[in-house]
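Here is a quick tour of a protein model, with an eye on sheet pairing and charged side chains. Have the structure open as you read.

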Amino acid sequence: MNYLGIEIEQAGEIARVLGAKQSGANAFDRGFGMGNSRQRDRAWSVIAPAAIMDTLHGITRNRKRRKLATPDRAGRRQRIRSEVRAKVLMDANEYRTPRRPSTELLHARAEKSGDSERSLWENDLEHPESEVSMSKRNGNRTASKKLTSARDFRLSSFGVSEEDHPEFKAAMTKTAEAAVTELPATIKLLKDSFRSHNPLAILATFTAYGLITFVGSKGVSDRRPLEDILPHHAELLQALLLTIPQEEWGRNPLTPDVMQTVFETMPKLAHTFFFQRILEGRKVTDQQQLAVLSLQERIRMHTHGIRNWGYMGDVVQIILDLYAPLDAEFSAHHGFTCTDIIKLMAVVLSELERRHNEHTDILAKVLKGRKPQDIFDLYYKHVPDLVGSSKDLAKDFPGIDREGAMAVVMAHLDLRHEDYATFTSKEIATLSGKSAATCESMMKAIALAPGGLTGTKEEYLFLGNPIWHAPVIELGDAFFIPIPQAFFSHVHRIMEKLAAEAGLKETLEKARNVYLEGKLESSLKTALPSAVVTSGAKWKIGAEQFETDALVVLDRTVLIAEAKANRLTPEGLRGAPDRVKRHVRDMILDPSIQSERLAGLIEKAKSGDANSLATVVKLGIKPDDVDQVIRISVTLDDFSVLSSSVGELKKVGWVPEDHQLAPTILLSDLLCVIDILDNPLLLLHYLSERIHFQDSYELLGDELDFLGLYLVTGFNIGKPDKENIFSPSGMSAPIDKYYNSRDAQVNIPKPTVSLSPYFRQIVSRLCERQPKGWTTTGLHLLSAASPSEQRAIERQLHKLRKLVRRHFKDPEHLNTMFIAPPLARKARVGFYLFPEELRGKHRETMEILAGTALAEGGVDTIVLFGRSTENWGVPYEAVMVARDRE
């Protein structure tokens, strides 16, 4: 008979924590144990914080439709994969950077009421509306009116008033000082837990319960049992463990109070890092220095708290393609290839998922018991390697209720969390198909030994955690891997380190550039199949040679895309001002200046400059056929925290005040944008409006938040507001759910742009027929009205149709509706309705209407659609674009 080797005093303490009688110790003394436990000398643990118990109740209530997922994995926010029943999932992971107290912050989120969208605006925030005006056949306009329609999203504002600033600052300072003062004691509390209790069990349990979510037939759930626990907390906890020599590691069993302390302490420890920065910021009074400090803090909080740069499926595919060219040289030095180690960590992650899914499945079956004895019986039934009997166990816990029985079996089964996260070389070899020696070599290349960080100052772990380069703990004949997803979160750092060890730093840099430029070209060709896409387009201004990474010409639209594969340096990630400034110049400003240079050349060619014309024509561009030039920069590293800070970058002088900065988009984000906006007009519209969006607001968010906002509003959200910080954080939720579910092999509908049926019909017809000028027409249409306004326009058109059919014989009848967006840069879009009796004159009438609208002033472009009142199923019969040549 196998025993866990628990001393009677330890078992008595566990029984006390459970609230059971002292006789509960006898059950463990007699051998209530796990026959296949890898480490026989371990004690059992009771890990049942309230949030976890709530999760277990959820399992029993919802077993038929969803199960508890296993530890967290890499991706942008919530990244998952494995079997549908229970999945690993990256948490939301959007670290909420504390806002500047002197600035009001606007926060947007989608609102729904039943099946229809609605919008609530709080605090009387202004939202300029498009105006609608009706015109007669001769072009004379009737009175205009604002559209009355529901809004498309909820906008909330919050901030601290000027008069309350002193009180707020004092309270913040007091809180920060208290947290910083307690920091040594907080760290000691965690380290003492490691020294008194099994530290591997603490870490394994922390990740197993702290980084989980639910997955069901309807996709990924937003609910997580421990909402405050994020991936960087687990990484920091692992680093703290490695600062303790192995001989000091504790051997006592875990109890609920210990684990609850760890769950509560880790978020506080992470917050203390920010509080330290607040106190240091008090010393700065110069406005220029404060602006630089604000940028530094954005970088530091991003480095400290944000882990995910892509959805799991995209991450794996990108890194396999990116690093495969280095395989031969890697193998020559390390004895394994880049592809080998990536695939190995993927199968380790999948196996850890499987183990936790199995664990959860057992719990779900056991917790179906309605009475304590039922629970014990089911536990012995579904865990066949246990010793003793369920009846003997029940005798040792007389009077125990159902909650207590759940805690007992859960605690005992939780002993296996450490085993789940432990892998031998042979086990990994079986999973990966590689030799045990090769697997051991790969694991050691990204591992630290117990006590490997002894002597490291804890404050250095926030911005330079060695776990980011080595997420594995080497245990002699096995490897402890509680956070395998960390490999994918930090894969670029890890591969850079391994490449440097092999003397392949320059080779890696070249591979990054080649991959990014190639992927950018192929992605744009796929997204815009009828476009001419040129990679590495070379051109000159005078004697100076320039090169555009991707040049796209589609109809009357030109897209200029610059690729920057540079890496963020460790100094830059820590917010060193000089290094951050250099990153801004090299990876954000320089490519933007390059694309602006070519855009300026095209504009000069349109004005008749002979040299510019000759250069542009050689690129396959006819200047007179260009209505709009779109500029973007694409990167392999995530620069969203900097690229969305246009106002601050200009304030500190790192970007010229008169320069319109091109949007900088992470490649994995661009791939999502292309996939979600799977229509050429929608993609071009998003990219064309993206530059105006970042110029119009002080933004706090990432690209997929912006995409989520676009899906709801089309970026038709009114006039610019530079006084407040606009945070669309959370708008990416439908996108996250879709990709997370896809990676979990659960098919749910892809998020789509909110368009009224009529506007969607027009967009589809334009893309299908592609008449000359179709991109210009479509971009103006999509910029004319928000989705709710589109629906209001559609209702007005139905009313106008009735009027036209009733009064078309009257030369003065109303026949046209114009939309005047609130922004002067946008075109005025109109709809001319005519009966079949007037079909022969509809083009002539449209010219009159457009000319009259231009003559009224206030706009330099008119887009007019002609639609038959009888052939109503066709969205338009004719369309024209009129411009004021002056």
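## A strand at the edge

Ala447 sits opposite Val472 of strand E14. This is a predicted model, where local features need pLDDT of at least 70 and side-chain atom pairs count only at pLDDT 80 or more, while totals for chains, interfaces and linings use all residues. Residues are numbered from 1 along each chain as its sequence is written, and side-chain values use heavy atoms, with hydrogens and water left out.

E14 covers residues 472-474, and its pairing with E13 is parallel, over two bridges. (Strands here are DSSP runs of E with at least two residues, helices are runs of H or I with at least four, and both are numbered from the N terminus; two strands pair if DSSP finds at least two bridges between them.) Zooming out, the open sheet has four strands in the order E12-E15-E14-E13, with mixed pairing. E12 (422-424) and E13 (447-448) are the edge strands with a single partner each, so one side of each has no neighbour in the sheet.

## Salt bridges

Side chains of opposite charge can pair when their charged atoms come close. The model has 33 salt bridges, counted when a side-chain nitrogen of Lys or Arg is within 4 Å of a carboxyl oxygen of Asp or Glu.

Take Glu521 and Lys525, whose side chains meet at 3.0 Å, N to O. Both belong to helix H20 (residues 505-527), and because they are four residues apart, about one helical turn separates them. Glu521 is partly exposed at 21% relative accessibility, and Lys525 is partly exposed too, at 41%. (Buried means under 20% relative accessible area, exposed over 50%, and partly exposed in between, with a 1.4 Å probe and protein chains only.)

Which residue forms a salt bridge with Arg556? That's Asp625, with the closest N and O atoms 3.5 Å apart. This pair ties together distant parts of the chain, 69 residues apart: Asp625 is in the loop between helix H23 (610-618) and strand E19 (628-635), and Arg556 is in the loop between strands E17 (544-554) and E18 (557-564). Arg556 is buried at 14%, whereas Asp625 is partly exposed at 23%.

There's also a salt-bridge network linking Glu351, Arg354, Arg355, Glu358 and Glu427.

## Another salt bridge

Lys538 and Glu547 join their side chains in a salt bridge at 3.7 Å, N to O. Lys538 is exposed, with a relative accessible area of 54%, while Glu547 is partly exposed at 33%.
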